[in-house]
Amino acid sequence: MTGQFGEAITTARRARGWTQEQLADRADVVQGPLSRYENDLRQPDDDTLDRIAFALGVTAKFLRNASDTRGAMAVEAHMRRRATAKATVWRRLEARLNMYRIHASTLTEQVTLQSEHYVPRFDPLETRPDDAARLVRMQWRMPVGPVRKLVRWIESAGCLVVSEDFETDRVDGLSQWIGDLPIMMINTSAPTDRLRLTIAHELGHLCLHSCEVTASMEDEANAFAAEFLMPAEMIRSQLRALRLHQLPDLKREWGTSMSALAERAYALNTITASQRTSFYKMMSARGWRTREPVSEELLTERPELAARIADTLISRGLNDDEIANMAGFASSYHNRLFRPSSRGLRVV
Ligand SMILES: [Zn+2]
């Protein structure tokens with residue numbers, strides 16, 4: 001047997017949030033050797049690798065596949081997180097995104113996915129974030145004004161969106177490229193307006209930071225998101241002489257948080273710095289800084305692309321287990337990504 005499985009095993013284990021001891025227990029291997037496998041000091045035999053893979057809910061082929069692409073397993077992701085997010089938490093989320101990425105690439109090695117549009121990539125040194133946002137909207141032929149179905153637009157460009165409850169409010173989203181296939185993971189525990197901003201922010205990273213990593217990456221992704229969801233040309237007149245009582249209606253119309261609208265107004269010079277400060281004071285006094293009103297009125301979208309891919313494979317005569325196997329899951333029960341929608345199962 002060739003190949004080094006260490007990184008693949010560690011990433012899969014981390015994605016589950018397990019210690020080495022927990023995995024050793026579930027795979028019926030001794031922890032000492034498992035630690036050596038993970039550090040590539042020793043290679044598991046076929047039977048042991050099968051047991052480890054099954055315990056992790058993946059196929060041995062998945063682990064081999066992940067280790068074939070050398071150094072590509074634990075790829076750093078763009079992540080929208082707070083400084084207070086615990087390393088154990090965001091590392092687990094990053095491992096999960098890496099797992100989804102390998103599952104998707106395992107599947108796309110066998111089937112070609114076609115999409116209506118694509119996610120363009122720009123050089124951030126040549127294209128300003130707001131210009132990039134305008135170009136993407138133009139390329140996708142999006143109607144002017146608010147973006148109604150954000151997830152649908154992103155998926156129409158072939159970007160896989162996985163929504164999960166991250167069980168923390170400190171991390172909002174992560175994104176990555178899988179060769180030519182973009183993927184993002186978003187936290188469903190956030191309110192819709194915040195989620196939408198996260199999705200647009202991650203799209204900004206995918207468009208602007210696919211190869212070039214810049215010092216002002218976060219600001220650039222935020223500027224991209226602001227222009228993508230609230231195009232200056234359309235929103236500026238509505239933000240002139242902005243008053244607090246207008247914010248709920250503007251939030252309903254644009255699907256962005258009141259603080260994002262206030263920031264937008266400030267960025268577009270329709271309010272002054274002191275007006276912005278007094279907005280935040282008034283919002284605090286009403287308890288809106290911790291929980292904004294109107295969020296629950298906004299439409300929550302569910303990703304559909306992964307389920308549609310599974311549906312297509314079903315229509316080609318494959319069954320659930322074959323689809324799971326193609327994507328490197330141990331069984332259809334373990335398939336967390338490409339679940340056919342006919343059973344009413346979705347990536348949730
Ligand atoms: Zn970011």
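**A conversation about a predicted model**

Trainee: Is Q4 buried or exposed, or something in between?
Mentor: Q4 is partly exposed, because 15 other C-beta atoms lie within 10 Å. A residue counts as buried at 20 or more and as exposed at 12 or fewer.

Trainee: Which residues is Q4 in contact with, leaving aside its neighbours within four places in sequence?
Mentor: Those contacts of Q4 are D40 and S67.

Trainee: And what separates Q4 from M282?
Mentor: Their C-alpha atoms are 58 Å apart, and along the chain Q4 and M282 are 278 residues apart.

Trainee: How is the protein chain divided into domains?
Mentor: The division gives domain 1 (1–74), domain 2 (232–297) and domain 3 (305–343). Taken over C-alpha atoms, the centres of domain 1 and domain 2 are separated by 49 Å.

Trainee: Let us turn to helices. How do α13 and α14 cross?
Mentor: Helix α13 covers residues 258–267 and helix α14 covers residues 273–285. Their axes come within 10 Å and cross at roughly 170°.

Trainee: What does that angle say about their directions?
Mentor: Angles over 145 degrees count as roughly antiparallel, and α13 and α14 are therefore roughly antiparallel to each other.

Trainee: Which residues meet there?
Mentor: From α13 they are M258, A262 and Y266, and from α14 they are A273, R276, F279 and M283. By class, this contact of α13 with α14 has six nonpolar residues, one charged residue and no polar ones.

Trainee: Now the strands. Which way do the side chains of β1 point?
Mentor: In strand β1 (residues 78–81) they alternate.

Trainee: Which strand does β1 pair with, and in what sense?
Mentor: β1 pairs with strand β3 (residues 171–178) in the antiparallel sense, over four bridges. Within β3, V171 stands opposite R81.

Trainee: What about β2: is it enclosed or open?
Mentor: Strand β2 (residues 160–164) is largely enclosed by the rest of the structure, because four of its five residues are buried.

Trainee: Does β2 pair with β4 in the parallel or antiparallel sense?
Mentor: β2 and strand β4 (residues 181–187) pair in the parallel sense, over five bridges. In this pairing V161 stands opposite M184 in β4.

Technical notes:
Residues numbered from 1 in each chain as written. Predicted model: local features only at pLDDT ≥ 70, side-chain atom pairs only at ≥ 80, totals over all residues. Axes fitted to C-alpha atoms, helices over the stretch in contact; angles between N-to-C directions. Helix = DSSP H or I, 4+ residues; strand = E, 2+ residues; numbered from the N terminus. Parallel < 35°, antiparallel > 145°, perpendicular 65-115°, else oblique. Contact = placed C-beta atoms within 7 Å. Nonpolar A, V, L, I, M, F, W, Y, C, P; charged D, E, K, R; others polar. Pairing = 2+ DSSP bridges. Domains from an automatic or database assignment.
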